Amino acid sequence: MLIEFTKMHGLGNDFMVIDLVTQRLNLTTEFVKLLGDRHLGIGFDQLLIVEPPSQPDVDFRYRIFNKDGSEVQQCGNGARCFARFVQARKLSFKQKIRVETASGIITLSTDNYGWVQVDMGKPKFEPEQIPFAPKAITKVQNSYRLDVDGTPVTLYVANMGNPHAVIKVDDVLTAEVGRLGKAIESHPAFPERVNVGFMQVMNDRHIRLRVYERGVGETQACGTGACAAVVTGVREGWLDEGVDIRAQLYGGSLIVRWQDGYPVYMTGPATFVYEGVFSPEGLMAGAGLKPVNQHVLDENQETFE
């Protein structure tokens, strides 16, 4: 059996996209990890799955898996690729689609130039909504002082369908993204782990950003991370409210707009790289793994190293 897939990227944040509306594929944690392996599989930051909707008022179900096999609730760059993929595969002829994710329903709108606007919904800031358990952690207005391996770090938290910690830095090029990002991502204060953004405010309509994504590491771009950074900047008065803010990442720039009390809108490109096919049985055999029969991920099963 051969499975068709498409490789895409959003500002360098790369994805493997699989249509499971017209195809069938058994997914397990270890198989997703194998697909994400850049030597033994296809390689990606995230795997995007297109499935039929489970609700009558939406067009598709959108599932996201990190390369470590974990399923996550949201991915903004992936959402843009998702919208262009379903059009290219003629799964939908609409320019605006409603998609269900693990964190709720989002709306995706495409234009004739390859850009996609995503209605990301309203941000959440309360600790229990992140989730964030700031026991014995000092709070100053909207910020928190977190001890990270003996280093006090001031950060802000936001949920954009997935959890984010945002740190304001003087220069993203010298920020300790690898050390602090890794330590904060798995800090006990974040029971479901967290994406960590390092934001430099250039002016009131322009930021630079690097993001250490949970289960992935630092990526070229992160759509939800850009949204979390912008809403934090607007909330703190560093950025203008209700106007287009340029979020500049290694892979390119996104446009994010937010007004308090309203959804966040993110606009950016989505790029096709190539299409291909793979044999699930062949990949498993090549990696020395036994074929599996589960159709859904079992979070408690063992994974291979």
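Q: A cavity is a set of grid points where a 1.4 Å probe fits but cannot get out. How many cavities of 30 Å³ or more does a search of the whole structure find?
A: Keep in mind that we're looking at a predicted model. With the cut-off set at 30 Å³ or more, and the whole structure searched, the number of cavities found is one.

Q: How much space lies in the largest cavity, and which residues lie nearest its centre?
A: The space in the largest cavity comes to about 80 Å³. Its lining is made up of 13 residues. By class, these split into three nonpolar, eight polar and two charged. Nearest the centre you'll find Q46, Q74, N162, N195 and E213.

Q: Is H164 buried or exposed?
A: H164 belongs to strand β12. Buried means under 20% relative accessible area. H164 has a relative accessibility of 1%, so it counts as buried.

Q: Which side chains make polar contacts with the side chain of H164?
A: Setting aside neighbours within four places in sequence, H164 is in contact with a list of residues that includes I130, Y156, V194, N195, C222 and A228. For polar contacts between side chains, one partner of H164 sits at 2.9 Å, and that's N162. Another, also at 2.9 Å, is T224.

Q: How many of the residues of α4 are buried?
A: This helix is mostly covered. The buried set runs through G223, T224, G225, A226, C227, A228, A229, V230, V231, T232, G233 and V234. Out of 13 residues in α4, the buried count is 12.

Q: Which residue just after α4 takes a positive phi?
A: Look just past the end of α4 for a phi of about 85 degrees. The residue with that positive phi is G237.

Q: Which strands do the buried residues of α3 pack against?
A: Helix α3 spans 177-185. Its buried residues are V177, L180, G181, A183, I184 and E185. They pack against β10, β11, β12, β13, β14 and β15.

Q: How far is the backbone oxygen of K182 from a polar atom of the side chain of S186?
A: S186 is in the loop between α3 and β13. With 45% relative accessibility, S186 counts as partly exposed. Its C-alpha atom is 12 Å from that of V216, which is 30 residues away along the chain. As for the backbone oxygen of K182, the separation from a polar atom of the S186 side chain is 3.4 Å.

Q: Which element supplies the largest share of the lining of the largest pocket?
A: That pocket holds about 260 Å³ of space. Its lining has 19 residues, with S103, K124, N159, M160 and G161 nearest the centre. By class, the lining divides into seven nonpolar, nine polar and three charged residues. The largest share, three residues, comes from β7.

Q: Does S109 count as buried or exposed?
A: S109 is placed in β7, residues 104-110. Beyond its neighbours within four places in sequence, S109 is in contact with Q95, K96, W115, V116 and Q117. The cut-off for buried is under 20%. With a relative accessible area of 19%, S109 is buried.

Definitions and conventions
Residues numbered from 1 in each chain as written. Predicted model: local features only at pLDDT ≥ 70, side-chain atom pairs only at ≥ 80, totals over all residues. Heavy atoms only, no water. Helix = DSSP H or I, 4+ residues; strand = E, 2+ residues; numbered from the N terminus. Buried < 20%, exposed > 50% of the residue type's maximum accessible area, 1.4 Å probe, protein only. Polar contact = N/O pair within 3.5 Å; in protein donor to acceptor, adjacent residues only side chain to side chain. 1 Å grid on protein atoms, 1.4 Å probe; cavity = no way out; pocket = protein on both sides within 12 Å on 5 of 7 lines; lining within 4 Å. Points joined across faces, edges and corners; volume = space filled by probe spheres on them. Nonpolar A, V, L, I, M, F, W, Y, C, P; charged D, E, K, R; others polar. Contact = heavy atoms within 4.5 Å.
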